[in-house]
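Where does the ligand lie, and which parts of the chain surround it? This report takes the ligand shell and then the sheet with its helices.

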Amino acid sequence: MSLLADLGRAVGADHLITDPVALRTYQSDGLTGYRAQPLAVALPGSTAEVVAAVSACDRHGVPFVARGAGTGLSGGSVPVAEGIVIGLSRMRAILDVDVPNRRVRLQPGVTNLEVTEAVAPHGLYYAPDPSSQQVCTIGGNVAENSGGAHCLKYGFTTNHVLEADVVLAGGELVRLSDHDGLDLLGAVVGSEGTLGVVTEVVVRVLPRPQRVETLLAAFADTDEAGEAVSAIIAAGIIPAAIEMMDALTIAAAEAAVHAGLPLDAGAVLLVELDGPALEVEQVLAETVRLCRTAGARDVRQAGDEAERAGFWRGRKAAFAAMGRISPHYYVQDGVVPRTRLPETLRKIEQLSEQYGLRVGNVFHAGDGNLHPLVLYDASVEGEPALAEQLASEILNACVEAGGSLTGEHGIGLDKARHMGKMFSEADLDAMNRLRCGFDPDGRCNPGKVFPTPRLCGEVPGHYREHPLERERVAERW
Ligand SMILES: Cc1cc2nc3c(=O)[nH]c(=O)nc-3n(C[C@H](O)[C@H](O)[C@H](O)COP(=O)(O)OP(=O)(O)OC[C@H]3O[C@@H](n4cnc5c(N)ncnc54)[C@H](O)[C@@H]3O)c2cc1C
């Protein structure tokens, strides 16, 4: 039987996409710089169908890539050229809401926001909140160990996943949990789709905090705002979120959503405090004082839920809003120790001047997780390459400052070449060996995370390069 016939039998002919035009939708993810045409997209409707589809790939020796909503920003769900995409968009059921134990069992295609919506009537919510939460899926969140504004206090996806069913590259279905035995669940969370296809997840949900207060503090520049962040944390206050936006990003967000952000500020901090009412009351006054001491000329407290939502609308729309002021932009994602935020932002400014490209900054300041947005115009000869080079230099600056290559968007395809800046040969070998244990033939999302040359049998006997791997990215824009 041919591969396509085998896959059609696995998921049903109606759920197998082979039309070249329809396949174009699946060529890339949110990082549009990379694209490749898959042979087919299989859309299974159940774990059993995922097992059948993966087993078909195994029988025919063809690589596959799991795909959620395709909002990843590091090229993680870009197909292997002529390989198979396993799209989880039909697996969108919330299987069980266990209110007393605050656990929810769900399929991987459920969106992040749908989890909170499902438990909201019970006074509960799901804490990790990527800005893409309206569309990104829990499967993608698990694969990327996604974060969000509120992860400063509540932790990343890994702190909220209790169990996962994973289909391995040979078609075996395994159930991994955060207790008993080796913590393989911990390995799967953040493995960027390289260890298997997640088909079911149990997540922890939390009770809504008794009180939430949101502040918008306006500063003359990012130095002052950075000082306020350090002072708040040094005072022992752990806000639910501290987000920073610089002048360029404020201008773009205001143009897009009219959230009432101060257009004359050099930087704003969005600080959210939550918890028991009495505790919030106390830390609120202290946080306002610390912002003012750092130089804030205006600190606004959201008067009601509508105003609070308005502040957040401005922040969450910031990436997309860049389209108002630039035809194209490249999102970088790096981390620096909080105390080194001001100097890193100055370095980014200097690089921006050197390259002659504008860079907007909107980021999770409490985590030191930067998201520089490098603006460029693809119709200008050489600008895309320049933007990419500038973004690479920003990443170097993060690593040199003692930070890391990614805060939450993953390594994917885009940053695999930078892995050697962070990790030694031995580090990469250890990761590779683990991967080989799950996927000895290298069929599961090959070409991602690891710098490609390392995959060519550099851990002898552990990894056999798939013949299609070399061609994985057919086109590079
Ligand atoms: C505007 C915007 C804002 C964003 N903000 C944030 C943010 O605040 N925080 C953050 O962390 N990220 C953010 N992201 C990045 C992205 O949304 C997250 O990484 C998200 O988790 C990706 O989910 P997805 O369903 O779109 O996954 P995809 O992009 O489809 O896939 C991402 C990776 O996960 C793998 N994968 C997907 N589903 C599965 C599965 N079921 N089993 C195994 N592997 C799987 C894929 O193979 C790929 O490697 C943002 C993206 C955009 C476009």
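## Model and domains

Domain bounds here come from an automatic or database domain assignment. The model is predicted. Domain 1 spans 3–87 and domain 2 spans 94–207. Both give residues to the shell around the ligand, so the ligand lies between them.

## The ligand shell

The ligand is surrounded by 36 residues. The closest are G68, G76, G139, G140 and G193. By class, the shell holds 19 polar residues, twelve nonpolar and five charged.

Which elements each supply at least two residues of the shell? They are β4 (64–67), α5 (138–144) and β11 (197–204). Helix α5 gives the most, with five residues.

## The four-stranded sheet

Strands of a sheet pair through backbone hydrogen bonds, either parallel or antiparallel. Here four strands form an open sheet, and the pairing is mixed. The order is β1-β3-β5-β4. Strands β1 (16–17) and β4 stand at the edges. Each has a single partner strand, so one side of each is left without a neighbour in the sheet.

Strand β1 runs antiparallel to β3 (residues 40–42), and two bridges join them. L16 has A42 in β3 as its bridge partner.

## Helices across the sheet

Helix α1 (residues 3–11) lies across β1, β3 and β5 (84–87). Its direction is at about 20 degrees to β3.

Helix α3 (residues 47–60) lies across β3, β4 and β5. Helix α3 runs at about 170 degrees to β5.

Terms used:
Residues are numbered from 1 along each chain as its sequence is written. This is a predicted model: local features need pLDDT of at least 70, side-chain atom pairs count only at pLDDT 80 or more; totals for chains, interfaces and linings use all residues. A residue is near a molecule or strand if its C-beta atom, placed from the backbone, lies within 6 Å of it. Ala, Val, Leu, Ile, Met, Phe, Trp, Tyr, Cys and Pro count as nonpolar, Asp, Glu, Lys and Arg as charged, and the others, Gly among them, as polar. Two strands pair if DSSP finds at least two bridges between them. Two residues are in contact if their C-beta atoms, placed from the backbone, lie within 7 Å. Axes are lines fitted to C-alpha atoms, for helices over the stretch in contact, and angles run from 0 to 180 degrees between N-to-C directions.
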